[in-house]
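Please walk through this protein with me, one region at a time. Keep the sequence and the 3D view at hand.

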Amino acid sequence: MNEDDGGALEKLKGRFATIADLGAANSVLFWDQQTYMPKGGVAGRAEQMATLSRLAHEMLVDAETGGLLDTLGEPDAATEEGALVRRARRNYEKATRLPSRLVERLSRATALAEPAWAEARAEADWSRFGPHLERILPLEREAAEALGYGDHPYDALLDGYEPGATKVRVEAMFEELKAGVVPMIRAISERGDDAKERGAPLRGDFDEGAQERFGEEVITRFGYDWSRGRQDRVVHPFCINFGGPNDVRITTRFDEGWLSPALFGTMHEAGHALYEQGINPEYARTPLGGGTSMGVHESQSRLWENLVGRSRPFWSHFYPKLQRAFPNALDEVDPERFYRAMNVVSPSKIRVEADEVTYNLHIIVRFELEVALLEGSLTVADLPDAWNTKMEEYFGLTPQNDAEGVLQDVHWAAGLFGYFPTYAIGNVLSVQLFEEAVAARPEIPDLAGEGEFSALLEWLRENVHRHGSRYFPEELVERVTGRSLQTGPYLRYLKTKFGELYELG
Ligand code: ZN
């Protein structure tokens, strides 16, 4: 960079700070919409959010942004400023490649499709949603063409959520996962255990207030900073931040008859929040001020939810506390039975309720179907049947209706084609990172047994969190683990944990 570029960089940062503020304001509106807004606010809120989105988009694609990026050229991405310019350029190029008319048509189509999908799911009536997907699919194809890609249109969409990921590499990862997991699932089901009976300790009568207090205690121990966050109730839980690490909120849903949603959901959302709270504060209001990808984000939520929250050391500390919180429901349940209950493996129809072993198969089903839709080898009309065929193929199960089948997820209604693989990437990466953390800090499991997680959090802060979006996901993984994303650690982890739980040879 020469001296003039210093001025250009400051101007570029200023523009992106405004864009980030508009985005953060929009996030506050979204958070309020999901938590406390009365029903009457729906229409007005949609307008307000659309206005802020439009202003942010206009500012991003403005010729002035392009001019500043031209002036700055391509500074060394190894420096913080170079990395900032690189992310800014990526955001700018993605936004300018999509014609504004297409963006508008997509946002209108998905705004209409989401409520239609919710009704269709409630009524298990595909015919109410199918026509909407007929309109969304060609727009997704158009978006892929406009964004551009090397090998396959799917790459263009996937890259929006997981920079650098491609269909070919995701497919290779899925083949490895299938080869490792399918025989495990078969061996477990051949044992003939009653999954319902095994999972029974998590069902019962669990006071909502006590669930909330227990969840708060757990994530406080994890290191969630309440002076920079809060927790509220919603129907579909999420984690959200307002442009920096100093206000990162989580949401939870409670079920008084079932401990799992709030218990593991709270740990999951706190995992996302710890990432955002740990990002270098200097990156706030810049293109570096968020998690680097959806996959890396999910690796953090899954790490706390599964590697920590479904582990023996964690429960050796927390189970006596949980028993004290729910004496009637848990007094007669010994720790081992409780541990087995939270780690039941059972092929199921619903993704969000899936266990660690079968979860990725749900993702593979969706990935294969959305690729086929995008390619045109599968029509929207044939999608429900194709879904059921795949469920039979991978799980040996046939959904009773489309609500527990093709209509269960909002993603396609929301236009999120290419998003699903990030869940599987997160699962795989969570183990690769956790192994690395334990190698560097071998005291982590023992400390977890004392309800102490600072060594783990420190390692994650130092190696993952603080960098925000400075590195692209593949660079980050390479930097932290010395290797690319690997399924080996993940499959070994599953074999060890569930081989022991199910006494597999
Ligand atoms: Zn998540």
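Start with what covers the buried residues of H15: the cover includes helix H9 (195-199), H11, helix H13 (312-325), helix H14 (327-330) and H22. Helices here are DSSP runs of H or I with at least four residues, strands are runs of E with at least two, and both are numbered from the N terminus. Contact means heavy atoms within 4.5 Å. Buried means under 20% relative accessible area, exposed means over 50%, and partly exposed lies in between, with a 1.4 Å probe and protein chains only.

A word on the source: this is a predicted model, where local features need pLDDT of at least 70 and side-chain atom pairs count only at pLDDT 80 or more, while totals for chains, interfaces and linings use all residues. Residues are numbered from 1 along each chain as its sequence is written, and side-chain values use heavy atoms, with hydrogens and water left out.

Back to H15, which spans residues 335-342. Which of its residues are buried? They are Phe338, Tyr339, Ala341 and Met342. These residues sit on the same side of H15, because they cover an arc of only 160° around the axis. That arc is taken from the directions from the helix axis to the C-beta atoms. Now look at the N-terminal end of H15. Asp334 caps it, with a side-chain oxygen 3.1 Å from the backbone nitrogen of Glu336. This is a polar contact: a pair of N or O atoms within 3.5 Å, where within protein one must be able to donate a hydrogen and the other to accept it, and where residues adjacent in sequence count only if both atoms are side-chain atoms.

Helix H13 holds Phe314. Phe314 counts as buried, because its relative accessibility is 0%. Leaving out residues up to four places away in sequence, Phe314 touches Val218, Phe222, Met267, Val308, Gly309, Ala448 and Phe453. Find Gly449 too. Phe314 and Gly449 are 135 residues apart in sequence, yet 5.3 Å apart in space, C-alpha to C-alpha.

Next comes helix H20 (454-463). Its buried residues are Ala455, Leu456, Leu457, Trp459 and Leu460. Their cover includes H10, H11, H12, H18, helix H19 (444-448) and H21. Is Arg470 buried or exposed? Arg470 is buried, because its relative accessibility is 14%. Its side chain reaches the backbone oxygen of Ala78 at 2.7 Å. Beyond residues up to four places away in sequence, Arg470 touches Ala78, Thr79, Glu80, Ala83, Arg86, Tyr283 and Leu288.

Move to helix H12, where you find Ser299. Ser299 has 0% relative accessibility, so it counts as buried. A polar atom of the Ser299 side chain lies 2.6 Å from the backbone oxygen of Val296. Ser299 also touches Gly426, Leu429, Ser430 and Leu433, not counting residues up to four places away in sequence.

Now for empty space. Rolling a probe the size of a water molecule over the atoms shows where such space is left. On a 1 Å grid over the protein atoms alone, a cavity is a set of points where a 1.4 Å probe fits but cannot get out, and lining residues have an atom within 4 Å of a point. Grid points are joined across faces, edges and corners, and a volume is the space filled by probe spheres set on the points.

How many cavities of 30 Å³ or more are there? The count is 3. The largest cavity has a volume of about 70 Å³. Helix H12 (294-308), helix H18 (421-440) and helix H22 (488-501) each give two or more residues to its lining. Among the lining residues are Arg302, Glu356, Ser430 and Tyr490. The lining divides into 5 nonpolar, 3 polar and 2 charged residues. Here Ala, Val, Leu, Ile, Met, Phe, Trp, Tyr, Cys and Pro count as nonpolar, Asp, Glu, Lys and Arg as charged, and the others, Gly among them, as polar.

The second largest cavity holds about 50 Å³ of space. Helix H10 (208-222) and helix H11 (260-277) each supply at least two residues of its lining. That lining has 6 nonpolar, 3 polar and no charged residues. Phe214, Leu263 and Phe326 are among them.

Technical notes
1 Å grid on protein atoms, 1.4 Å probe; cavity = no way out; pocket = protein on both sides within 12 Å on 5 of 7 lines; lining within 4 Å.
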